[in-house]
Amino acid sequence: MSEPREIELKLECEPSDLATLQVHPLLQDASERGAADLSSTYFDTVEQRLREAGLGLRVRRIGDRYVQTLKADGDGLFSRPEWEQEVSGPEPDLAALADTPLDEILGRKDELQPLFTTSVERRTYLVEQGSSRIEVALDSGRIDAPAVGDRVIPICEVELELKQGSAGDVFALSQAIAALAPLRLGVRSKAERGYSLASGKPERVRKAERVPLRENMSAAEAFQAVAHACLRHMRLNEDILLQGRNADALHQTRVAIRRLRSAFSLFGDLAEDAQGARIRAELKRMTEPLGQARNLDVFLATTLPAERERHPDEVGLLNLETQLEDQRSQAYEAVQNLLQSAEWRGLVLDLVAWINAGPWLRDGAEGRAELREEPARDFAARELDRRRRRVKKRGRHLDDLSPEDRHKVRIAAKKLRYGAEFFAGLYPDKKAVKRHATFVKALSELQDQLGALNDIVTGHEVVRDIAGEHAGASAVFAAGITAADLEARTHKLLTAAADAHEDLVDAKPFWR
């Protein structure tokens, strides 16, 4: 069986947004319209082997018909393999999936069982956009899992599926629809949300996941997969942060954005154009409030408690904490204002549109097509070599460098680490996997030491801000004590950072 691919963009919304869209001329003037009640049951083994393999299997009832669908993770966001066929009843027909990845996963003794069900009222519209035909589906409903009793997850989303034409038209239509209602990029399938419900565990802050790269990918395809993974990482934690102040969710949202910006740098000329440069500049400008809130989180959670242990009788530290807590509340309010803004939601959609249909994909300038089509393994090896040389050179005599030059080493090491994490899937053999673990461990140690040094520099900036404001005398005095204690830690950290740099230089590259 061939590997048909589903090209689909998911947008999350509120029920009132669906009501707004249903009556808008954009959809009312569609060439075809329809409505249906869809009930889908998702199946897996007891050990959830399908989920572990990045697969989702459902049987959907549509009137008197049953349609079986197997989906794979694909590029992590926009395009994924899909195998669909009509079956005779509500149970999976494994014989019909003989030539799919499922055949290699299930053993003879494996049995599939229903885990959760989605019940959806779907209204569909076939829209002509540019030279393309796009199905717009407005879905409202719920996800139920027998294992968790009455607990359900609501479904409220817009799906845009390309039926004929170009991906660029899908994004153009998504931006037109987003101008009518406050929609957000969706990064979780109904299956993923169902598995989460069935587990009985609450939503949690998410760290970066392994990027789904394949050895036969082109460099352009690798860039898209990396960028999609970063967007997914960001949106998963953004959803938690939107519910209220959460230091871990803020940190991971910010990490995801830093990883994305590092991906832009790592792929360099391959994905460069004026539109992308504008979007990247906006991303940097708009996300500054996250950095301000994060700096205060670190100072209040790490630096200040250590100072209280060293100076338990210093009353001024309490006054300093009170003032900084006020500043943190203001910083988080700024973060909420950003994430709730139409400007931010629009930027995220602009970004995903550029990644998948931007001018960089059509640039015919000399050498650009060759860069895009280069095997991802060759591109990654060359880029990792270059980044490794940069860290090696800039980190010489690390313990004698100025704070500004140490910062440059930290940034270079961070990009190398992100690159090593991004490209890991391109080097799956045992020798490379072992070397990768050693290499990333050495990089992490260097980053930890340089990060601690950077926290000291940031701590000094926080202290200077306090001293420059209309703070009480005791708070200013406490800030001065804190600054002195911060400086006293520097020498020990510098020695540890220099040792970590030597270990990294000795680590064998996993990509060779």
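Colleague: Why is Cys13 called buried?

Modeller: The relative accessible area of Cys13 is 10%. Buried means under 20%, exposed over 50% and partly exposed in between, with a 1.4 Å probe and protein chains only, so Cys13 counts as buried. This is a predicted model, in which local features need pLDDT of at least 70, side-chain atom pairs count only at pLDDT 80 or more, and totals for chains, interfaces and linings use all residues. Residues are numbered from 1 along each chain as its sequence is written, and side-chain values use heavy atoms, with hydrogens and water left out.

Colleague: What makes Phe267 and Phe423 an edge-to-face pair?

Modeller: Rings of Phe, Tyr and Trp (its six-membered ring) pair if their centres lie within 6.5 Å; planes under 30 degrees apart count as stacked, over 60 as edge-to-face and the rest as tilted. Here the centres are 5.7 Å apart and the planes are at 65°, so the pair is edge-to-face. Phe267 lies in helix H8 and Phe423 in the loop between helix H15 and helix H16, 156 residues apart. Helices (H or I, at least four residues) are DSSP runs, numbered from the N terminus. Phe267 and Phe423 are both buried.

Colleague: Why is the pair of Phe439 and Trp511 called edge-to-face?

Modeller: The ring centres of Phe439 and Trp511 are 5.3 Å apart and the planes are at 85°, so this pair is edge-to-face. Phe439 is in helix H16 and Trp511 in the segment after helix H18, so the pair ties together parts 72 residues apart in sequence. Phe439 is buried at 0% relative accessibility, and Trp511 is buried at 6%.

Colleague: Which residue lies over the face of Tyr332?

Modeller: Arg245, at 5.3 Å from the ring centre. A charge sits over a ring if NZ of Lys or CZ of Arg is within 6 Å of the ring centre and within 35 degrees of the ring normal. The charged end of Arg280 likewise sits over the ring of Phe264, 5.4 Å from its centre.

Colleague: Why does Arg368 count as buried?

Modeller: Arg368 has 13% relative accessibility, so Arg368 counts as buried. The place of Arg368 is in helix H13. Beyond its neighbours within four places in sequence, Arg368 is in contact (heavy atoms within 4.5 Å) with residues including Asp269, Glu272 and Trp360.

Key: Helices (H or I, at least four residues) and strands (E, at least two) are DSSP runs, numbered from the N terminus.
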